[in-house]
Amino acid sequence: MDIPMTESQVLLNAQLGFLDTHLALIHIPLEVYPFFIQPILRLLLHNDRVNVDGQPNTPQRPWMFWHPFVNISITPNECSIVCPREKADKLFIPVVDKLPPLLRKSVAVSTEDYSVIMIGGEGLEAGKRVLDLTSPLALAGIPIFFITSYYCDFILVPLSSRSRVISALEERGFVFEADADGEVGYMMNPSSPHLSTRSRNGSIGSFDFPLAGGTLPPATVPELQSKTFKLLKRNGISPKADPDIELVTCAGIKDSTASTSAVNFSEGKLQLGIAKCLTTDPPPKFLSVTLTDTESASLTLEKTLVSHFFNDGEDLLLGMDGPEQVPITLDLKDLPLESTGIVCGVASRLTNGMKGRIGDIFNMSYLSTAKAGHVIVYMDELNEAMDALEQTEHNGFGER
């Protein structure tokens, strides 16, 4: 008998696939951010005089399509960078090595390489989307970072856990398909017979392995939510929001190619706008730039920074007239990178808590940085979202 697909499975008709990159995660305290302006700009703009082989650098493609994945985020907590490992070694490690000892110790570069899954396509509203994409991995005890951009969602997972990621998602009813080279490529939503009873009942399937301390991953999303918030409470972590930080999520011009001088000129102005944002004094309170090799630049930034992208009336950004957003921040600096379930637990609490207040539609995005998690909600939903996150113990203020 065919098993009908749930809303969550309909969501995952979207395409998912691993990008071909090994990523490093870098934490830079704000007090040392000025030391890293040049390597950040070099990462974004590819402004090297010579290539790795010593030949003159003559880029053959538009600047924003250079790397499979890059994210640079500046928040009230930190500057956080996700970039290919070779770029971390070439651009950032030399700067770290030149810092005074105390400052050098404050910068953290992951020893673990990360792989990134890109999720494209349309689906449920954003709050449910984050929850449904992260719950299979959270219930499998796999640590993740989640980044929402204008075009896509991205999930960073430890490269060493890639096979477990594939198994966890297949256990939940997805099918991975290999590309022509035999590499694992896109996952498509399977036909219903692939779904197992254990997956539909929310168990952890074949992932009966212990976490640190000999504990097993939670068996259900409600249990995971409870454990997440107990962990946060135990470490004195509470959600913080600054309504004065008004954000907008937008993107650079979409049709950027190397074929016309007019497009290249607009492209240069987009570069200039991002460079202006990164070099403002004082630094921006909130700016996140995501680049891939398939889409134009995606930005989440303070509305006050949008003026850097106006030039003679030319519209360089898509979506900048959307509703104001505000970040809710969880400072996770005292938790290890391998902590699991934070994104899913928070998304679960918000999704459940907001239903009774504003109906079925709740729009949120999520930005994981090296040492924090940021839930981004519409300004008019901020109070309700904070109420949902600050529920008391008997309502599930739980442990991860």
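1. Strand β13 (residues 287–292) is mostly covered, with six of its six residues buried. Buried here means under 20% relative accessible area, with a 1.4 Å probe and protein chains only. Strands are DSSP runs of E of at least two residues, helices runs of H or I of at least four, both numbered from the N terminus.

2. The model is predicted: local features need pLDDT of at least 70, side-chain atom pairs count only at pLDDT 80 or more, and totals for chains, interfaces and linings use all residues. Residues are numbered from 1 along each chain as its sequence is written, and side-chain values use heavy atoms, without hydrogens and water.

3. In a regular strand the side chains alternate between the two faces of the sheet. From β13, Leu287, Val289 and Leu291 point one way, while Ser288, Thr290 and Thr292 point the other way.

4. β13 runs antiparallel to strand β3 (residues 69–74), joined by six bridges; pairing requires at least two DSSP bridges. Here serine 288 of β13 has serine 73 opposite.

5. Strand β14 (residues 298–302) also pairs with β13 in the antiparallel sense, over four bridges. Serine 298 of β14 stands opposite threonine 290, and a hairpin of five residues joins β13 to β14.

6. Elsewhere, the axes of helix α2 (residues 37–45) and helix α3 (residues 85–98) come within 9 Å and cross at roughly 165°. The axes are lines fitted to C-alpha atoms over the stretch in contact, with angles from 0 to 180 degrees between N-to-C directions. The two helices are therefore roughly antiparallel, a term for angles over 145 degrees.

7. Pro39, Ile40, Arg42 and Leu43 of α2 meet Lys87, Lys90, Leu91, Phe92 and Val95 of α3, contact being heavy atoms within 4.5 Å.

Note on methods
Buried means under 20% relative accessible area, exposed over 50%, partly exposed in between (1.4 Å probe, protein chains only). Angles under 35 degrees count as roughly parallel, over 145 as roughly antiparallel, 65 to 115 as roughly perpendicular and the rest as oblique.
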